[in-house]
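Please keep the sequence and the model in view while reading.

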Amino acid sequence: MAVPPPGFTEQLWRLTTALRPRTTAFWLYYAPRNDGGPHQLRVCDRTGYDFARLTWRSCAECRRGHVMKIRVTDEWQRQGYGTLLMLRAMRGGESYAWTTTPQFKDGQRFFPALSATLGTSFPVASACAHAAPGGGFTRPRLEGRPDAR
């Protein structure tokens, strides 16, 4: 049984998937509810399961981006989803200084490889002082798959 992603009713998720019969991965963007709050991007299969998720903050004042958490389920790894998540998060902030949390084992391997691919380092650091705690997300917006560079 499908469980819709947060922000979707069962009926709305069924309609969303029915209107896109050939789509296998749905990209959902959750904007921060408050200034300085986190952004989130989820990639869901047709059942609503989010097999890839990225949570990050960005600050135009400090010109910094900070990856709080990235996850791609094992069977979906090595298919470019992590890189595409990061490219989407960095859109508009390509010149920012990007940092990350210490991450788990997969993330510890991912960020050096991503650095080599994008030419951007992702040192471990904390978010800037403008980061607001929590605040939640707005209703999700369906997006297309981001373009690779």
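In what follows, Ala, Val, Leu, Ile, Met, Phe, Trp, Tyr, Cys and Pro count as nonpolar, Asp, Glu, Lys and Arg as charged, and the others, Gly among them, as polar. On that basis, the lining of the largest pocket divides into eight nonpolar, nine polar and six charged residues. The model is predicted: local features need pLDDT of at least 70, side-chain atom pairs count only at pLDDT 80 or more, and totals for chains, interfaces and linings use all residues. Residues are numbered from 1 along each chain as its sequence is written, and side-chain values use heavy atoms, without hydrogens and water.

A pocket is an open set of points on a 1 Å grid over the protein atoms alone, where a 1.4 Å probe fits, with protein on both sides within 12 Å along at least five of seven lines; lining residues have an atom within 4 Å of a point. Of the 23 residues that line the largest pocket, Val72, Gln77, Arg78, Asp106 and Phe110 lie nearest its centre. Helix H3 (105–118) is one of the elements that supply at least two lining residues, and its seven residues form the largest share. Helices are DSSP runs of H or I with at least four residues, and strands are runs of E with at least two, numbered from the N terminus.

Which residues of H3 are buried? Gly107, Phe110, Phe111, Leu114, Ser115 and Leu118 are buried (under 20% relative accessible area, with exposed meaning over 50%, for a 1.4 Å probe and protein chains only). Seen down the axis of H3, these buried residues fall within an arc of 135 degrees, taken from the directions from the axis to the C-beta atoms, so they line one face of the helix. On the other side of H3, Lys105 and Ala116 are exposed. Just after H3, Gly119 takes a positive phi of about 75 degrees.
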